[in-house]
Amino acid sequence: MNIKLDVFIPNFTNDNFLKTANAIKKCTYVNKIYSLNGSTKNEEFEIVFIDNLYSSNTISKISEHAESDYILFITKDTFIDMGSYGVERFLNIAQNTNAGIVYSDYYEEKENKIQKHPVIEYQIGSLRDDFNFGSVLLFRTQALKEAVKVSDSNFETAGLYDIRLKISQNNSIIRIPEFLYSAIETDNRKSGEKQFDYVDPKNRKVQVEMEQAVSNHLQKIGAYLEPNFDEISFNYEEFEFEASVIIPVRNRVKTIADAIQSVLKQNTDFNFNLIVVDNHSTDGTTETIKKIAESDGRLYHLIPERKDLQIGGCWTEAVMNKNCGRFAIQLDSDDIYFDENTVQKIVEKFREEKCAMVIGSYKLTDFQLNEIPPGLIDHKEWTPENGRNNALRINGLGAPRAFYTPVLREVKIPNVSYGEDYAVGLEISRNYQIGRIYDPIYLCRRWEGNSDAALEIDKVNINNFYKDKIRTFEVIARQLKNKN
């Protein structure tokens, strides 16, 4: 290969920089190695002073300094040990595919243990700003320079996110399913703790920038939706009940009674019921539900005939039932409502805004209902004007969720147990307004029994790939909607 490579390495910790640089410089294709924000005395490496590793200014400086065919950008201040001929493999794939960006699987050293860390394929729905590329990105220099040239953004923290979206508009982004380097991981939190980073209030300024970047991208690819919504009429058909709370459950004997009681104590000015879809529990959950149902006729205990239903399928079972009310309101079997006014507040929001879906806010608690960080999850990143566009960037829409039943019966929830709520929320938002309640009306209990409390890498990847695929479907659907 008659090509050259410029390498850009963060230098906030001099030791990490020197170890990484000395390992990479052994590659014969390296032209120059740049120290980002560094002050190393080693004259081998040119210093590029930066403000923030992920800012638009930093990306512009990388573009300006790059003079070789490719750019290797180390995106984390940690020691990166390229594997045997790992750099050469990056370059070989990049040259063979003419990709704009190339990334790979890697080995991760975490708590003194080394494990494989596969990443997932990039697709047009990979719009999350926290998409995991690993710590090594290879850019085709021309692709980066062209993206920087057309960018008029000056983001403090969304620069890298913005530029990879721009590159994806005209270039492929390729994953190499090989473990080409090792990286030391410094974030040792469990998956259930990381998933709320994007709604942490201290990250609000960052989220505003990310929203602007993704909105610009959606406009460029024809998937941006203006704030024009189809009207809803709540007199479409008659219902015996104004609202139904729906609880899908399987083997939650420790929590199901609390969830049920938090519904039955609701105060409303309308008739409501509770539909519990018991997905063939075997731990005593079924008996607990039956006992409560015997003393309160508002509780409908459904046991599906089918045995292949996931959470989404259980929801559809309830929604299609003749006893389902005009509004279908979610409650997970682990959780409880904040107080006895939750159902009333949700229905009032439907009436006020004539929307097809309402999403509330919740507090994170431990099993004993003590509040835990980050506390209130209110999804204030949602705005009536741009919420449905920004929803393609974030990894969830919030809870509790409630639906106008005729719309949900038409759309139907996918028969899966992860991302089913996100999928149906995106599809509904394509045509209808979604109402929001920013006060806490729900308590979400985090405990060892939660399905997403501490997932292995492979399971996290499966979940993330599914949501990216849902976004891909939605981007295509919105592009078609805009063409019609």
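## Working through a predicted fold

Let's start with a cluster: Tyr103, Tyr122, Phe131 and Phe133 sit together in one aromatic cluster. Rings of Phe, Tyr and Trp (its six-membered ring) pair here if their centres lie within 6.5 Å. The model is predicted, so local features need pLDDT of at least 70 and side-chain atom pairs count only at pLDDT 80 or more, while totals for chains, interfaces and linings use all residues. Residues are numbered from 1 along each chain as its sequence is written, and side-chain values use heavy atoms, with hydrogens and water left out.

**Exercise 1. Work out how the rings of Trp315 and Phe403 are arranged, and which parts of the chain they tie together.**

Step 1: get the context. The structure holds 18 aromatic pairs.

Step 2: check the geometry. The ring centres of Trp315 and Phe403 are 5.6 Å apart and the planes meet at 80°, so this pair is edge-to-face. (Planes under 30 degrees apart count as stacked, over 60 as edge-to-face and the rest as tilted.)

Step 3: Trp315 belongs to helix H10 (residues 311–319) and Phe403 to strand E17 (residues 401–404), so the pair ties together parts that are 88 residues apart in sequence. Helices (H or I, at least four residues) and strands (E, at least two) are DSSP runs, numbered from the N terminus.

Step 4: look at burial. Trp315 counts as buried at 5% relative accessibility, and Phe403 counts as buried at 2%. The cut-offs: buried is under 20% relative accessible area, exposed is over 50%, and partly exposed is in between (1.4 Å probe, protein chains only).

**Exercise 2. Is Thr75 buried or exposed, and what does it touch?**

Step 1: locate it. Thr75 is in the loop between strand E4 (70–74) and E5.

Step 2: classify it. With 5% relative accessibility, Thr75 is buried.

Step 3: list the neighbours. Leaving out residues up to four places away in sequence, Thr75 touches Leu53, Tyr54, Gly134, Ser135, Val136, Leu137 and Leu160. Contact means heavy atoms within 4.5 Å.

Step 4: Thr75 and Ile9, 66 residues apart along the chain, have C-alpha atoms separated by 7.5 Å.

**Exercise 3. Zoom out and describe the protein chain as a whole.**

Step 1: count the elements. The chain has 15 helices and 18 strands.

Step 2: judge the packing. Its radius of gyration is 25 Å, close to the 23 Å that the globule rule gives for 484 residues, so the chain is as compact as a globular protein of that length. (The radius is taken over C-alpha atoms; the rule is 2.2 Å times the number of residues to the power 0.38.)

Step 3: Of the 484 residues, 57% count as buried.
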